[in-house]
Amino acid sequence: MFRRSFVVASTLAVLAGAVHAQDLDALKADTRKNALPVLPKVVAMMQETVAEKGAIEAIPVCKEKAPLLLKEQSAKTGWDMRRVSLRTRNPERGTPDVWEARQLADFNIRAANGEKIETLEAGEIVTENGKQIYRYIRAVPVGDVCLKCHGAPDKIEASLKSQLAKSYPHDTAFGYEKGQIRGGLTVKRPL
Ligand code: HEC
């Protein structure tokens, strides 16, 4: 009798595990579908604005447009979405929490081990304030256009640099190279 209930219990546990893994895959796919399209939109907007109006005029793309697009998507989905980085320009908005910092550090290790940074991501169900939520984070790569404002400080136009210095006294988001990880797009969704 004991043996039988043990077998039933462990079979159920295995089944539950299988369903769980499927749920996680579905959650990840759905999160990607709703969150990731924002990334290429911001890059395209940045490229266009820099080309047409110059880098100083493109500051609002990273400062206002990107957060706005995420806010709109948050309103549509009911999920919390933001950009974070281990080296922030705006620490008030972009400082990662412990989970995010851990994933970003792990992304750097995974990239050093040869994973493509464009597809680096992590997703996990965690308990926050007694409730289960799904957390997802995707690496944001540094492309050519990003270097105008996040590249080596000595390569950044003086007028642009002083403009940035005025708004961001604690800026550590310089010195990036193409192909590095600038930060992450992070999502928290209630379950
Ligand atoms: C024209 C200048 C400019 C360019 C070009 C630029 N950024 Fe930014 N970036 C900023 C500014 C300004 C902020 C601070 C925004 C704020 O106040 O929240 C910022 C913030 C960020 C943040 C939020 C985290 C933080 O450091 O505060 C990320 C992520 C980011 N940029 C990624 C990128 C990527 C990726 C590119 C290239 C596609 C890019 N940026 C190009 C000016 C720029």
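Q: Where is V50 placed?
A: V50 is placed in helix α2. Please note that this is a predicted model.

Q: Is V50 buried or exposed?
A: V50 counts as buried, because its relative accessibility is 15% and the cut-off for buried is under 20%.

Q: Moving to the ligand, which residues coordinate the iron atom?
A: The iron atom of the ligand is coordinated by C62 through SG and by H150 through NE2.

Q: Where in the chain do C62 and H150 come from?
A: C62 belongs to helix α3, residues 55-77, and H150 belongs to helix α6, residues 147-150. The pair is 88 residues apart and thus links distant parts of the chain.

Q: Why is the arrangement around the iron atom octahedral?
A: There are six donor atoms around the iron atom of the ligand, and the angles they subtend are 86 to 180 degrees, so the arrangement is octahedral.

Q: What would the ideal angles be for that?
A: For six octahedral donors, the ideal angles at a metal are 90 or 180 degrees.

Q: Is H150 buried or exposed?
A: H150 counts as buried, because its relative accessibility is 8%.

Q: What about C62?
A: C62 is partly exposed, as its relative accessible area is 27%.

Q: How many residues surround the ligand, and which are the closest?
A: The ligand is surrounded by 22 residues, and the closest are C62, C146, C149, H150 and R182.

Q: Which elements supply at least two residues of that shell?
A: Helix α2 (38-53), helix α3, strand β3 (131-141) and helix α6 each supply at least two residues of the shell around the ligand.

Q: Which one gives the most?
A: Helix α3 gives the most, with five residues in the shell around the ligand.

Q: Which pocket holds the ligand?
A: The ligand sits in the largest pocket.

Q: What lies 2.9 Å from an oxygen atom of the ligand?
A: An N or O atom in the side chain of N90 lies at that distance of 2.9 Å from a ligand oxygen atom.

Q: And how does R93 stand to the ligand?
A: An N or O atom in the side chain of R93 is 2.8 Å from an oxygen atom of the ligand.

Q: What about Y168?
A: A polar side-chain atom of Y168 is 2.6 Å from an oxygen atom of the ligand.

Q: What box do the C-alpha atoms fill?
A: Taken along the principal axes, the C-alpha atoms of the protein chain fill a box of roughly 80 × 35 × 25 Å.

Q: What share of the protein chain counts as buried?
A: The protein chain has 191 residues, and 35% of them count as buried.

Q: What about the phi of N129?
A: The phi of N129 is near 50 degrees, which is a positive value in a residue other than glycine. N129 lies in the loop between β2 (121-128) and β3.

Q: Is N129 buried or exposed?
A: N129 counts as exposed, because its relative accessibility is 78%.

Q: Where is D154 found?
A: D154 is found in the loop between α6 and α7 (158-167). D154 is exposed, as its relative accessible area is 67%. The C-alpha atoms of D154 and K41 are separated by 28 Å, with the two residues 113 apart along the chain.

Q: And where does A165 lie?
A: A165 lies in helix α7, and A165 counts as partly exposed at 48% relative accessibility.

Definitions and conventions: Residues are numbered from 1 along each chain as its sequence is written. This is a predicted model: local features need pLDDT of at least 70, side-chain atom pairs count only at pLDDT 80 or more; totals for chains, interfaces and linings use all residues. Side-chain values use heavy atoms; hydrogens and water are left out. Donors are N, O and S atoms within 2.8 Å of the metal (3.2 Å for Na, K and Ca); water is not among the atoms, so sites may look incomplete. Four donors count as tetrahedral if all angles lie between 85 and 135 degrees; four count as square planar and six as octahedral if opposite donors are over 155 degrees apart and all others between 65 and 115; anything else is irregular. Helices (H or I, at least four residues) and strands (E, at least two) are DSSP runs, numbered from the N terminus. Buried means under 20% relative accessible area, exposed over 50%, partly exposed in between (1.4 Å probe, protein chains only). A residue is near a molecule or strand if one of its heavy atoms lies within 4 Å of it. A polar contact is a pair of N or O atoms within 3.5 Å; within protein, one must be able to donate a hydrogen and the other to accept it, and residues adjacent in sequence count only if both atoms are side-chain atoms. On a 1 Å grid over the protein atoms alone, a cavity is a set of points where a 1.4 Å probe fits but cannot get out, and a pocket is an open set with protein on both sides within 12 Å along at least five of seven lines; lining residues have an atom within 4 Å of a point. A molecule sits in a cavity or pocket if more than half of its atoms lie within 2 Å of its grid points.
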